[in-house]
Amino acid sequence: MKKEENLKNEQNIKNDNVQPKPKRKKTATYHDAAFAAFNYLLRKYVKNGDVTLESEHQLSKRPPKIDIIVLKKNKNVEIETSWGKIFREYNIIEYKSPVDSALSISVFNKVIHGYVGFYASQENIKLTDMTATIVCYNKPKELFEILKNELNYKILRKTSGIYYILQKGLPKEKSLLIQIVVSSELKDSDLVLKALRAKIDEATARKVVELPVEDEDYLVSLSSWWEVMILENGLILSQEANMNKWGTLVKEMKKRGLVGYYEQKWMEDGMQQLLAFLESGHTLEEAKKKFAFAQ
């Protein structure tokens, strides 16, 4: 009995000394934001039933779901966006966020020879009915060199931010169509993809605050996209130049319970920037204007 009591006492002491695990810091869910962005940009096609999007896909019964976007399109419908012109009936989209490492040949192979091949086999469809799109923030110069010089691909720049990856000597109609979308090079018509990053500038912030949280006409939500943008850019989005739109945005996000965490983060980030602003010689009045927050 004494032995059991001693063991129990020792265990209680250990439990008392165990520190509670810190709460995991909230991170930006870029995949969900990208899915919301594509839904928003394709909203008229989605509403008409010409396009359907799937946020995740399970390639088999055993492996977990993977974060690829599967876009299915009616054969007779053409997508007007620069990155949508290439689309066929079945389209795989891999989104690499700005916080990911540079797009590498291993990622390229994983998408093209892994995800696409498995999906084609699973759905029993031809590669000639498919396209593969990889979205990244910066132009993958090293990958392009490998594709051109070692793997017999041709890189064709179609328009701003759109690069077709073509196999030399193989007609388009007899091959999988591949494109790499460099979001930093896209036009403002694709702002929800182009601006999806941290540390946007003031000019971009003024454009971003014009975007809705919900598109009532097309019943499409950008709340997941806004969640990332607020986490990554809450301070600059809340500055004086954006105040009129910012107040409305915050009210909408509060309804969804998506603001509470960020208010503390803004305070922490804002204090650091405020001190730096004052140390650089600006007045308190200038600081009040620059770092004003919506109430």
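Buried means under 20% relative accessible area, exposed means over 50%, and partly exposed is what lies in between (1.4 Å probe, protein chains only). By that rule D215 is buried, at 11% relative accessible area.

## What you're looking at

This is a predicted model, where local features need pLDDT of at least 70, side-chain atom pairs count only at pLDDT 80 or more, and totals for chains, interfaces and linings use all residues. Residues are numbered from 1 along each chain as its sequence is written, and side-chain values use heavy atoms, with hydrogens and water left out.

## The sheet

Let's start with the strands. Seven of them make an open, mixed sheet, in the order β1-β2-β3-β4-β7-β6-β5. (Strands are DSSP runs of E, at least two residues; helices are runs of H or I, at least four; both are numbered from the N terminus. Two strands pair if DSSP finds at least two bridges between them.) β1 (51-54) and β5 (153-159) are at the edges with a single partner strand each, so one side of each has no neighbour in the sheet.

Now look at β6 (residues 162-167) and β7 (residues 177-182): they run antiparallel, joined by four bridges. Here Y163 of the pair sits opposite I180 in β7.

## Helices on the sheet

Helix α4 (residues 105-123) packs on the sheet and touches β2, β3, β4, β5, β6 and β7; contact means heavy atoms within 4.5 Å. The direction of α4 makes about 145° with that of β4. Such angles run from 0 to 180 degrees between N-to-C directions, with axes fitted to C-alpha atoms, for helices over the stretch in contact.

Helix α2 (residues 30-41) lies across β1, β2 (68-73), β3 (90-95) and β4 (130-136), at about 15° to β2.

## Salt bridges

How many salt bridges does the structure hold? There are six, each a side-chain nitrogen of Lys or Arg within 4 Å of a carboxyl oxygen of Asp or Glu. One of them joins R43 and D215, at 3.1 Å from N to O. R43 is in helix α3 (residues 43-47) and D215 in strand β8 (residues 214-215), 172 residues apart. While D215 is buried, R43 is partly exposed at 21%.

K207 pairs with D188, their closest N and O atoms 2.6 Å apart. K207 belongs to helix α7 (residues 202-208) and D188 to the loop between β7 and α6 (191-194), so the pair ties together parts 19 residues apart in sequence. K194 joins D188 and K207 in a salt-bridge network.
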